[in-house]
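Good morning, and thank you for joining this meeting.

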Amino acid sequence: MTNVKSVSSIIHSGKSYQYIDNGEPMRGGMKDVYFAPDRSYVIAFYRDKQDFNSKERLTKLVTQYYDSFFNREGGEYYKTVYSWPTDVVQVGSQIGLIVPTYRKNFFFAKGYATSDGIKGKEKQGLWFASAKFRNKQFALRLDESELGNWLSYFQIAVKIARGVKRLHAAGLAHSDLSYKNVLIDPVNRDATIIDIDGLVVPGLYPPDVIGTADFIAPEVLSTKHLELRDPSRKHANRLTDLHALAVMIYMYLLYRHPLKGGKINSLDTEEDDLLSMGEKALFIEHPTDASNRPKLDQQPKSALPWADISKLPYTITGPYLKALFDQAFIVGLHNPQQRPNADMWEQALLKTTDLMQPCANPACDQKWFVFDNSTSPKCPFCGTPIKGTLPVLDLYYQFKLTVWKPENHRLMVYHNQYLFQWHVNRNIVRNERLTAEQKVPVGYFTWFNNKWVLVNQKLSSLKDLTEDKVIPVGSMVEITDGKKLLLSNEDGGRVVVITMANK
Amino acid sequence: MRRLPVYLLLDTSGSMTGEPIEAVKNGVQVMISSLRQNPQAIETAFISIITFDSTARQLVPLTDLASFQMVDIKATGTTSLGEALKLVATCIDNEVAKTTQEQKGDWKPLVFIMTDGIPTDEWQSGLEEFKKRKTAYTVACAAGSGADSNLLKQITENVVSLDTADSQSISKFFSWVSASIGVTSTKVEDAGKEVTGIGELPPPPSELNIVT
């Protein structure tokens, strides 16, 4: 029994939307979802009556905040970062949201490796945050063609971090960031934040959501027993988002939960869970307190190899992310002000991609890994060593006329690796505001005639400082141990110092 | 890893012969494949099937969704609901892990009971045993006019009824059960805010009547 119904916007008078009611909507946690006849949008009706505060909050989100996020420069990029509601409708006392349909790449093309069970279903984030669904012995594993490689998840995490960064810049908090509220596409290295309607808007009453279990900040859990309006009760805000963001990035890179270890905090199951994620939360990889290490004999086999923190410790994510995980799960776990912000995560993730090397083993599941700074580097996932020399470029900036200081940023070279503007000049920041022109490579590294060389494509003032020689566009310079190159003589231009690893 | 144990107690007495028993079999299959589309459920839910006719037996022990395989069921005999309640109590003792100093225990189990008739055994003593076990919630479904909702009310406050025990109503019941398991497997870890009654589950479809 298919029935096309029509509802009116409460914001734009005269505007109405059609939807198909077959009596069987998709039922979410709080909303019933119906499709438009042409499937270009959905209408999500709240099952519960929404009060004045909620209506006011939703109205602000689809008008004022919609405009400031999307109807200005850079807005097109952010349209891909969120699935943002565009209008509020009402029928009787029921309030609904108009939300554009998700892009096609967020639905499984294949899904499970061994059946069509989830083909065409949404790529909800949890499918890609759990070790199970990528374990080759697990019956309900995802097909390899759906999983992407390890580098994909850095790019996905960058996109989520940018989404959070932009919300926070506008004074908003998501309040329920979790693998349930993002869609992930490792194939196209894409992600989008959904369920935007729970946003905390400054000056208005927050929604009554507490969040998704794995992502609720410890301070929220440990004050949950207090009355809703008790001043000591902690609510979702920017800092709880930053806890959720850190958990999410950890899970997308390591496919385990940073706080779910073996420590028993109470013999009552519910209380144990509340304490273990709340008041007594402890990083499973805490360097000095080993009491919450995962007990491997109590883990299902499908959680391996990722559950084994001695085999795949969080340090495999490289030095920049290690520092932020320490900040988030050791220093800032019970001290919310200390948590790294979204911009720091974005920059650390991007810098880490500059440390990555392709694995020489074509059968390696992860395909990429972070150079571990050792003298005989190898892939931590499959153990394949790097063959041949490995040029490491350390970036320096001009502090004073003759004084150059390290950027704490390093670029690992591999065959056919590109060099970009953001490596060359410290005034160009690698973020979502880069112009199309700034995304064009300015040179590339290649293994040529048994030598590492940098081919200059666009650098007008590239100079080999060691040999005091200008390298014009269209020519190349050999990369050797100890060599110094000036990438640009413009303001902000950098010098790189080359070290040959794995000699 | 904490598991969410789910026990399904299914009436396989003689009166279920024909369309009803086929609908139950189909309902379990559809439920499993729908839960297999839900990553939260796959992560946490473990399912067991207990049937009861002249006796009660555990046809499928607590099994994760990936390995679950339905076994054939036939409708025959009387309605030993009391024995089924006693059996599920034993299964909970044996299968649901308690939290110890060494190991994290499982979540409290969910129990779904479906029957189309009146128990023919000494069901009260079974109920007494069952009541000693903690469940997150128990839902009883009275399928068709032969079942007694008021009697089921003594087992749990959450009773739903189907007007007829036909395949359409029964399949609706199972799709509601799978939605409930889905919601609970998501929410169960919001510690202290456990789903404990029917009020927080997705609204039942129109064919199900909640008995108040």
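This is a predicted model: local features need pLDDT of at least 70, side-chain atom pairs count only at pLDDT 80 or more; totals for chains, interfaces and linings use all residues.

Let us begin with chain A. It has 10 helices and 21 strands. Along the principal axes, its C-alpha atoms fill a box of roughly 80 × 55 × 50 Å. Buried residues account for 42% of the 503 residues in chain A. If we take the contacts in chain A between residues at least 6 apart in sequence, 57% of them join residues at least 24 apart.

I turn now to helix 4 of chain A, residues 150-169. At 1.5 Å a residue, its 20 residues should span 28 Å, and the end C-alpha atoms are 29 Å apart, which agrees. Of those 20 residues, 16 are buried, so helix 4 of chain A is largely enclosed by the rest of the structure. After this helix comes A:Gly171, which has a positive phi, near 80°.

Next, please find strand 2 of chain B, residues 45-52. How many of its residues are buried? The count is 8 of 8, and the strand is described as mostly covered. In a regular strand the side chains alternate between the two faces of the sheet. Here B:Ala45, B:Ile47, B:Ile49 and B:Thr51 point one way, while B:Phe46, B:Ser48, B:Ile50 and B:Phe52 point the other way.

What are the neighbours of this strand? Strand 1 of chain B, residues 4-11, runs parallel to strand 2 of chain B and is joined to it by 8 bridges. Within this pairing, B:Leu4 has B:Ala45 as its bridge partner. Strand 3 of chain B, residues 56-64, pairs with strand 2 of chain B in the antiparallel sense, over 6 bridges. There, B:Phe52 is partnered by B:Ala56. A hairpin of 3 residues connects strand 2 of chain B to strand 3 of chain B.

Finally, the two chains meet: 25 residues of chain B are in contact with 29 residues of chain A. On the chain B side, the elements that give two or more residues are helix 2 (39-44) and helix 6 (167-187) of chain B. Helix 2 of chain B provides the largest share, 4 residues. By class, this side of chain B has 10 nonpolar, 9 polar and 6 charged residues.

Terms used:
Residues are numbered from 1 along each chain as its sequence is written. Chains are lettered from A and ligands numbered from 1 in the order in which they are written. A residue is buried if 20 or more other C-beta atoms lie within 10 Å of its own, exposed if 12 or fewer, and partly exposed in between; C-beta atoms are placed from the backbone. Two strands pair if DSSP finds at least two bridges between them. Two residues are in contact if their C-beta atoms, placed from the backbone, lie within 7 Å. The expected span of a helix is 1.5 Å times one less than its number of residues. Ala, Val, Leu, Ile, Met, Phe, Trp, Tyr, Cys and Pro count as nonpolar, Asp, Glu, Lys and Arg as charged, and the others, Gly among them, as polar.
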